[in-house]
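Please walk through the fold shown here, moving from single residues to helix packing and then to the overall dimensions.

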Amino acid sequence: MKRRIALLMSVVLMMALFTGCGSAEDKTLNLFTWDGMFPQEILAGFEEETGIRINYSNFDYDEDMLAKLEETEGGDYDLVIADDYIIEVVIQEGLAQKLDTARLENYQNLNPVFMSQFYDPANEYTVPYGSGIPLIVYDPSLTDVEIKGYGDLWNPALEDNVAITANYRVINGITLKSMGKSMNTENLDVIQAAGDKLLELAPNIRVINDSNTQDFLVSGEVAAAFLYTSQVSLAMSAKEDLKLVYPEEGLGFGIMAGFIPSKAPNADAAYAFIDYINRPENAAACFEYLGYYCTNKAAEEFISEEMKGLIVLPESVKDGEIVQNITQEAEDLHSEIWNKFKAACD
């Protein structure tokens, strides 16, 4: 009898191994991204519907994520959400696996504007999850200048009246775009010409700041500001009379995207979560929570009217460019230009 029981138990254990029954790994999604990327109701709703527990780990910088993924050789995590430029490196190092989009029922909901980008041109590895698009916001009660594009920030009437963010590639980049050039040019002469033009902006700059830059605009300390997406949302929510500008020279933007690491312990859970957050109503909840631009086209009808003007890209806006990795020589010149510009603004 004992032998029969032992044999029966062996069969049951073998069946569990082959079917995954009782496996804790099969019921866990190891999610790796920044803190606060999802509303709690989305996380709780996924766990309740699927029975898959979310093990949420976070990093502060993309480079930290890359180091961890290199250390684990593409293992430990099932789904990672990170920035465009670092994802390019992840894919180059073979740390991401190709997606089977047939397993994603809601894949067709994604907005093609945010796809086929430099880091994944054939959309083989990634699914976009939000886009940051820095924009100009200004207070028409504090200036007579009608701002339509980056070039208007150089107007002498805005002397000591402009606040900008502190990302040097972005600020140098919008200077290049004001000249009709690419943000990612590696032509040193063109970059230097943009640097000369940027120095001409110095008299107009009152504030260079990366955190809460919108506060200087909302308080009336400056008339115009170039802000990150979340700052734009906060400024427009705080002061109704502000004007939002989609620069006529074209947009600069960045994209956050999700990918499944090459040796993910539970890729099935990653597919389930990607599909869940791309249901239109769920995607709308995520983007309203984040305050980033919505990368899910089908979600737009579920976004509230007060938020739609802030996080849904107008159909008329097509031209956009992402800051990319460039040669070290070009990068060094950008850094040198930025240091001179900051000194001139002091």
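**Cysteines, helix packing and backbone**

Cys294 is buried, its relative accessible area being 2%; buried stands for under 20%, exposed for over 50% and partly exposed for what lies in between, with a 1.4 Å probe and protein chains only. The model is predicted, so local features need pLDDT of at least 70 and side-chain atom pairs count only at pLDDT 80 or more, while totals for chains, interfaces and linings use all residues. Residues are numbered from 1 along each chain as its sequence is written, and side-chain values use heavy atoms, with hydrogens and water left out.

A search of the whole structure for disulfides (pairs of cysteine sulfur atoms within 2.5 Å) finds zero. Cys294 is accordingly in no disulfide, and the nearest cysteine sulfur, that of Cys286, is 9.5 Å away. Cys345 also counts as buried, at 18% relative accessibility.

The protein contains 12 helices and 12 strands. These are DSSP runs numbered from the N terminus, with helices being H or I of at least four residues and strands E of at least two.

Two helix pairs involve helix 6. Two packed helices are described by the angle between their axes and the distance between the axes. Here axes are lines fitted to C-alpha atoms, for helices over the stretch in contact, and angles run from 0 to 180 degrees between N-to-C directions. The axes of helix 5 (residues 168-178) and helix 6 (residues 188-199) come within 9 Å and cross at roughly 100 degrees. Helix 5 and helix 6 are therefore roughly perpendicular to each other; angles of 65 to 115 degrees count as such, those under 35 as roughly parallel, those over 145 as roughly antiparallel and the rest as oblique. In this pair, Ile171, Asn172, Thr175, Leu176 and Ser178 of helix 5 meet Val190, Ala194, Lys197 and Leu198 of helix 6, where contact means heavy atoms within 4.5 Å. By class, the contact of helix 5 with helix 6 has five nonpolar, three polar and one charged residues. Nonpolar covers Ala, Val, Leu, Ile, Met, Phe, Trp, Tyr, Cys and Pro, charged covers Asp, Glu, Lys and Arg, and the others, Gly among them, are polar.

Which way does helix 12 run relative to helix 6, roughly parallel or roughly antiparallel? The axes of helix 6 and helix 12 (residues 328-345) come within 10 Å and cross at roughly 10 degrees, and the two helices are therefore roughly parallel. On the helix 6 side the contact residues include Leu188, Ile191 and Leu199, and on the helix 12 side they include Leu333, Ile337 and Phe341. By class, this contact has nine nonpolar, three polar and two charged residues.

Helix 4 (residues 84-92) has the buried residues Asp84, Ile86, Ile87, Glu88, Val90 and Ile91. Their cover includes helix 3, strand 3, strand 4 (126-132) and strand 11 (254-259). Just after helix 4, Gly94 takes a positive phi of about 70 degrees.

Glu73 has a phi of about 55 degrees and lies in the loop between helix 3 (62-71) and strand 3 (79-83). Asn212, with phi near 55 degrees, is found in the loop between strand 7 (205-208) and helix 7 (214-218). Asn212 counts as partly exposed, at 45% relative accessibility.

For the protein as a whole, 51% of the 346 residues count as buried. The C-alpha atoms fill a box of roughly 95 × 45 × 30 Å along the principal axes.
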